Every structure is written in structure tokens, then in C-alpha cells.
Amino acid sequence: MLELKKIKKSYKTGDFVQHALKGVSLSFRKNEFVAILGPSGSGKTTLLNIIGGLDCYDEGNLIINKKSTKNFKECDWDAYRNNCIGFIFQSYNLISHMDVLANVEMGMTLSGVSVKKRKQMAKEVLKKVGLKEHMHKRPNQLSGGQMQRVAIARALANNPDIILADEPTGALDSKTSIQIMELIKEIAKDKLVIMVTHNPELANSYANRVIEMKDGEIINDTNPLKSKEKENDAYQIRKTSMNFLTALHLSLNNIRTKKGRTFLTAFASSIGIIGIALILSLSNGFDEQINLFEKNTLSALPIIVNKQSMNLDEERQDEILEQDDYPDIDYIIPALEVGEKYIHNNKLTNDYIDYINHIEATDVSGINYSYMMGLNLLQKVNGKVKQISTTNLTIASYPHTLNSDTKSVITERYDMLVGHEPTNKEEILLEVDSKNQVSKDLLEALGFSTTNNINFNDILNSEITLVLNNDYYQMVGNYFLPKQDLEKLYENENNIKLKIVGIIRLKKDYPSLTATPGIYYTYDLQNYLININNNSDIVKKQKSVDYNIMTGEKFDLTTEEGKNLKNNVLEYLGARGEPSMIQIYPKDFESKEHIINYLDKYNEDKVEDDKVAYIDQAHLMSSLSSNIMTAITIVLVTFSSISLVVSCIMIGIIMYISVLERTKEIGILRSLGARKKDITRVFNAETFIIGTTSGMIGIFGAWLLLFPINAILLNLTNLENVAIMNPLHAVVLITISVILTLIGGWIPAKIASKKDPVIALRTE
Ligand code: ADP
Ligand code: MG
């Protein structure tokens, strides 16, 4: 039973207050057909809206099932509208972008009836109103009478107890009006139907109770309830809820009616995504390239242990680095020794060399120990014996392998252009650069004319004469001086004839920067010479005196510097000292990591001074470039993000326009029992669709653009497939796009949900 007690309602427009209802008291039977008559502006619609819970009353009370609605919450009203009330409007109020069936289903959709059941029920009521065969038409494909039948079907679909009809025949011709009235009369058999009409004849012939209104008051009631008339039947109120899928479906339908605009919006907001995706793909690709470069190429660079290295103590290094270069100051900073803090003296003791020699043999392709030992080399050029200066030419030892089952550095890294690898200490190699060049100086020193190119075969098997220190130097007073008679020295029987047995060139995969053309002798020869020289007269003599036996220059042995100078001379003369440099050639990228770990382990429990620092050139180079890459990426992504913010605002505006366009639909949905939340959902669903679409367009667009970009990069850099899209980035970017558009549409969606359903329904 429904009862109105002294309901008052007024509308304020500016200073003017319009009293639409001035204390209306009415009771309705559970089952009757009530017609409300009255002139325009007398408050009929207002009354109906209040009964239907679409509008709130100011004063008085509305009693539903003997229950006051004074404390009804928003959701109670929503539920009441959804399953107790069916609205029929003069202007039909169908949702234009949905077909007839979907319109009829809407109320059930909102209350969460299963698809199958609501389809079946919707078809049933459509059959009842005689529109079953029109169920897949859009409202604008129907006549007025047919549309009103759809509205009636929709009002009936959820099987409500009360049907509220506001001038349902107002827009129809008299013949159609009669048909509609017949239909409503039939419904009224088991329901409470309250119908507003202008037409007293229709009211009198169909309704079994006529109420007349004027100026917001009841002036006549043909069949009021007697005070004893009491009804106990209760209306069941079920709560409504629209799930996100329904909202999505609703919005998809709506979007279909404005495909072009949606696509353009999505496309515009996808530009930022395209930008970021491209930048990430490129930096991704470059990082990958750098890694590859490091893996394949830079790992070919040896790890170098120099006698003097950068300081290991990073804190101390930082301290120095923090000091300004070229400071604008007027004082001097006293330092122990300038630059001293940078330098770390590595102690390349026998223990350390032994440690190095125990590196996992499978990790290294070779190790080279360089000594500062001087070589006395002679060559006969055009019948005249000449000295070969070792200071300006590359004449060095080449890396040896740790054991006989590992491939040598030569076979691994070099192409043997002609000849073979040395098999004994007398055999040497000539390395040419990537263009088969060797310095003129070296070739001339070897006795070749450099006016023309020189055939491999002319070089192969040519010899250089090595004179041992004992033969090369003679004692003159207290000094040792080189013997002057080179012809005689050349003929000495102890000489070693070094023979070029092969010409090598670095393989294509190795960086040409590691190539140093020159003469290379074996580790065996180096060891042999050190052994002999160590016991030579000249070394013994040099060890025993405190001056340079070749120049007479005095060493100040009380200072570190003096001691070092003497050591250098000794090493030059071939005394066994510490190597000046150790080069460790890793097999590949992974073995390089192993070697680094191995070298770090040596330092683990050593005091600072005993630690040995090494230089990992590959790492230095690649970490520098990937740091730069990261910095560039961050800057570019930040710039692109600005376009995301712009698109976020744009989405907000577009959504606001959409809200304005869909105001009527909001009203209809609310009259069918949609909650505010559901309305928010409908618009969030729309932004969700736009966001997802724009994210996908962005990723797809970026993916398409990668082809020409890679083609251009291939042209410019010879690198294939530089830009690669990381699938994870793609997913994250789509998510970001969705989140940003949701944020952009948030406020418009809120505005939509706050719309007053009555006002929303009144808009055209
Ligand atoms: P009826 O349906 O009988 O023609 P209404 O109930 O629509 O009359 O309106 C009753 C009175 O209240 C009218 O004077 C109308 O101008 C006023 N009114 C109705 N709704 C509003 C509103 N939202 N704002 C201001 N005045 C309103
Ligand atoms: Mg009206």
C-alpha cells in the first residue's frame, strides 16, 4: 500500500519559489487504475516523480508498506525505482543507441538478472505489447505508438507493483491513444497504475478512480480510500547493481554511434604512447646493441693489470674528483705528491703471477706478461748491418696459452694469412692491420724497400738477428757500453736468428682497435732471455753498483724514486723483475665475468696496499655508453609524457561533452533504478574503451613505425633491428593509457552521476 501524507514540494529558481505541491495527502490501493487530471503546471508530474522516488519531497511523508521513506538512503530509492516502479513517459524516453530488446531488458540488466532469463522475460513482455517481431529495431525505426509500447514493455519487464505513466498518450493520435489505453488497462488488472492525463474522456472511460489537481492541491477524488480499508500486501524491494560488463556493453553501444569521434580521440591520445613506445624501443635496442657489442666485441679486449693503476679506494678517488678543476681560488693546496692519490702501485709478485696462471684455463685464450726488457736487434740492409730500434716499433711478446689443450690466442683471434704459428723460440710473427698495413719504419728496419707493396712470400722466412747482452756490451772502465763493430756483432755465434714464420691479421669479429701491427715473439723467447740475462755479467754488475752502468748516472737509493730507476735499468737489461703489464685475454663475455670474479677474490682479504687493481676496458666503455643511453631515455620519455598529460585533459573535455550528450540517457537509467555508482561506471567504461583503444593504437602505431625506423638505422649504422619493442613495456604503456584516460574522465563521470534524474529526463 502507498500513502502520501501532506507532501509538499517547491522549486526555487533564483528568488522565486514555485510551490508545486502544497501538502498532498493520498492513499492508493494495491490494485487500481488511477487517473490524475489537471491543467498544465498543477503539479501532476511532480507528484508522479515523488511517488516514483525520482524526486524528493520537501515536507510530509511517503509511506510504502507502512514504512516511512523519511530515512530512505540513496540506494533504497534506487532499488525501489528498479523493482517496484515502472515509468512510462509522454516522450517515451527510450535509449536511442540500443535496440528494442536491450531497452526492455535494461531494468533487469540493472538488477543483475541473468542474460538468459532477462532475454526470455523481455521477449515475453514484447509479445504482450505486440512488438515481438520488432525487437531488433532501434527506437527511431518505430512509430510513436510502437515506441510507447516499448516503453510500456520496459515498465512491465521487471514485474513492478506500480506503473507510473505521465501523459502516455500525449504525443499520440486518438486512434493510437485508444490502443495504448487498452494496453494500460490490461496491465492495471493486477497492478497499481497511476496515470497522468490531460484528457478527461480517456480518464473517465478507463480509470476506476479519477483525481483532479489544481495549483499543487487535490481538488477532487472520485474513489478515495475509506479509513477502514487496509491492505497488508507488501512490496518486495531488491537492491540493484550494474556490473562493469553491463556498463561496458552500454558504452560500447553508445560509442558505436560515434565511431569517428572515438577513434580520433583515441588516436590523438595515442600519440604520446607512440612517442614513449618508440623511445623505449630504441633505447631498448641500443642497450641490446651495446650488450651485444660488449659480449661479442669488447670482451675481446684484454683485462689489463698495469704496474701502476688507478687507485682502488673509491672513496679517496671521489674525494679528489669532488675537488674543482681549474678552481678560481687564490691559494695553493699542499699535497703529499701531486696526483699521488690517484695512483696505486700494483705488486705483481711471483705469488700474483702464480695466481694469474691458475685462472681456469677454459676462461682465457691467452695471457701476456710484458717486461721492459731491451732487445738488441740487428739487420743487414743492402749489405750493411744496422741496429733496429725497439723503442719506436712494436716488437713485443704475444699472449701464451695456459696449457696445451686450449686453443691459442693466435688461432682463436687471428687469421693466419700465410705461414704457421711459431713452434720454437726462434720463430716470430708479423701482424698486419685490418687493411694489411705495416708501418714503413718497421719494414725499412727489416730491410725492405717500401716504395712498392711487398709480397707475403718475400717477407716469410726473413730473419732478424738478436744479440745477447753479454755479447752486445763490453766493459769500458767502470761502464758497460754497446760494442761499436756491428758487422762483427752480427756474426757472433751466440746470436739468435729470429725468423718470420707467419703473417697474422685480427679476425673480422674482433674490434680493429685491438690490432697493433708489428713483430711478435714467443713467451718462450722472453723467458729464455730473462733466464740468460739474469746471470749475465752486466746484470750482476748493475746489481752491485749504485750508478747506471751505461751512463754513469748516480741513483739515490735512499729514495723510492732512485730505487725504481735502478730497477728499471735492471729490467731493461733483462733481470728478472716484475712484469710491467699483464694482459689477460678472456674467451668470451661469460669467461670475462669469471676472470673478473677471480681477480676480485685475490683482493678480498688483502690490505689496501697489497691489492691489485685491474682495468676492464670493455666494462668501462659499455657502462659509459649505457649510462648515457639511460639519461637520454629519461629526458625523452619526460618530454613525451607531457603529451600524455595533454591527452588526459583532452579526454576529460571529450567525456564532459559525452556527459552532456547522454544526459537524457542518465535520466532514463536513473528512472530504471540505476545507482549513481552505475552512472559513474557507464562513463568510466567509456573512458576505459577509449583508453584501451588509444593504448593499442599507440603500441600498434609504434610497432609499425619500427619498420621504417629500423630500415633507416640499418642504412645509417649498419646495425640490424636496433629498435625492439619489449612486450612488457607494451603492456605497461597500455595500462598507463587506460589509467590516464580514466583519470581524465573521472570528473565528468562524477558530474554525470550527480545529475538530478528529474532534470536529466526533462532535457531534450
Ligand atoms: P504538470 O505536470 O502538472 O504540468 P509539473 O509538476 O511539471 O506540472 O510542475 C508543477 C510546477 O512546478 C510548475 O509550475 C513548474 O513550472 C514547476 N516546476 C516543475 N519542475 C520544476 C523545476 N525543476 N524547477 C522549477 N520549477 C519546476
Ligand atoms: Mg507534466
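Author: Domain bounds here come from an automatic or database domain assignment. In this predicted model, that divides the protein chain into domain 1 (2-239), domain 2 (255-297 + 623-762) and domain 3 (372-539). Between the centres of domain 1 and domain 3 there are 109 Å, taken over C-alpha atoms.

Reader: Which residues make the contact, and what are they by class?

Author: From α4 you get Met121, Val125 and Leu126, and from α5 Ala153, Leu156 and Ala157. Ala, Val, Leu and Met count as nonpolar, so the contact of α4 with α5 has 6 nonpolar residues, with no polar and no charged ones.

Reader: How do you know that β1 and β2 pair?

Author: Count the bridges! Pairing takes at least two, and 10 bridges join β1 (residues 2-13) to β2, so they qualify. The two strands run antiparallel. In one of these bridges, Ile7 has Val24 of β2 as its partner.

Reader: Why do β2 and β5 stand at the edges?

Author: Look at the order of the open sheet: β2-β1-β4-β5, with antiparallel pairing. β2 (16-28) and β5 (67-68) each have a single partner strand, so one side of each is left without a neighbour in the sheet.

Methods: Residues numbered from 1 in each chain as written. Chains lettered and ligands numbered in written order. Predicted model: local features only at pLDDT ≥ 70, side-chain atom pairs only at ≥ 80, totals over all residues. Heavy atoms only, no water. Contact = heavy atoms within 4.5 Å. Helix = DSSP H or I, 4+ residues; strand = E, 2+ residues; numbered from the N terminus.
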